[in-house]
Amino acid sequence: MAKYLLLKHYRGAPAPVNDVPMDRWTPEEISTHVRYMQDFAARLEKTGEFVDSQALAPEGTFVRYDGEGRPPVTDGPFAETKDLIAGWMVIDVDSHERAVELAGELSAAPGAGGKPIHEWLEVRPFLTAHSTITE
């Protein structure tokens, strides 16, 4: 089994087919979307392929070390993660092909008008002791 991160982006990927930002969805459309995500995770729990998932709040801050005795530096002239990453799911599957298959299915979560979003999801393998950084 290999773990993969299915990363949901706000921006940075090609626009989804149903490209209506979530802040313009009705409460019912949001509920339907969340229910789809929960049902998807529950199904993967039964197969042993689900590890964890989280939606992320829009707040966030970049922080970096700025030297001994100096306060951390926050923010900067760059795109912030809070503007880019909407949430994630970690799966543990037998193959990269299975990770891609599940990401494709998750991409069909309903959005505005109850129609599938067809959003692009980033599929990233976890770095393990047996993998190299160039994989």
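Which residues are linked with R98 in a network of salt bridges? Hold that thought while we walk through the fold. Keep in mind that this is a predicted model.

Start with the sheet. Four strands form an open sheet, in the order β2-β5-β1-β6. Their pairing is antiparallel. The edge strands are β2, residues 50-55, and β6, residues 121-125. Each of these two pairs on one side only. From one strand to the next, the twist averages 15°.

Now look at one pair of strands. Strand β1 covers residues 2-9, and strand β5 covers residues 85-93. Eight bridges join β1 and β5 in the antiparallel sense. To find your place in this pair, look for H9. Opposite H9 stands I85, a residue of β5.

Next come two helices. Helix α1 spans residues 27-47 and packs on the sheet. There, helix α1 touches β1, β2 and β5. Its direction makes about 20° with that of β5. Helix α3 spans residues 96-106. This helix lies across β1, β5 and β6. Helix α3 runs at about 140° to β5.

Now turn to charge. Side chains of opposite charge can pair when their charged atoms come close. The structure holds seven salt bridges.

One of them joins R43 and E105. Their closest N and O atoms are 1.9 Å apart. R43 sits in helix α1 and E105 in helix α3, so the pair ties together parts that are 62 residues apart in sequence. How accessible are these two residues? R43 has 36% relative accessibility, so it counts as partly exposed. E105 has 30%, so E105 counts as partly exposed too.

Another salt bridge is formed by D66 and R64. Here the closest N and O atoms are 3.2 Å apart. D66 has a relative accessible area of 22%, which makes it partly exposed. The cut-off explains this call: buried means under 20%. R64 is also partly exposed, at 48% relative accessibility. Exposed would mean over 50%.

Finally, go back to helix α3. The side chains of R98 and E101 meet in a salt bridge, at 2.9 Å from N to O. Why are R98 and E101 separated by about one helical turn? They are three residues apart in helix α3. E101 is partly exposed, with a relative accessible area of 46%.

That brings us back to the opening question. R98 is linked with E49 and E101 in a network of salt bridges.

Note on methods:
Residues are numbered from 1 along each chain as its sequence is written. This is a predicted model: local features need pLDDT of at least 70, side-chain atom pairs count only at pLDDT 80 or more; totals for chains, interfaces and linings use all residues. Side-chain values use heavy atoms; hydrogens and water are left out. Two strands pair if DSSP finds at least two bridges between them. Axes are lines fitted to C-alpha atoms, for helices over the stretch in contact, and angles run from 0 to 180 degrees between N-to-C directions. Contact means heavy atoms within 4.5 Å. A salt bridge is a side-chain nitrogen of Lys or Arg within 4 Å of a carboxyl oxygen of Asp or Glu. Buried means under 20% relative accessible area, exposed over 50%, partly exposed in between (1.4 Å probe, protein chains only).
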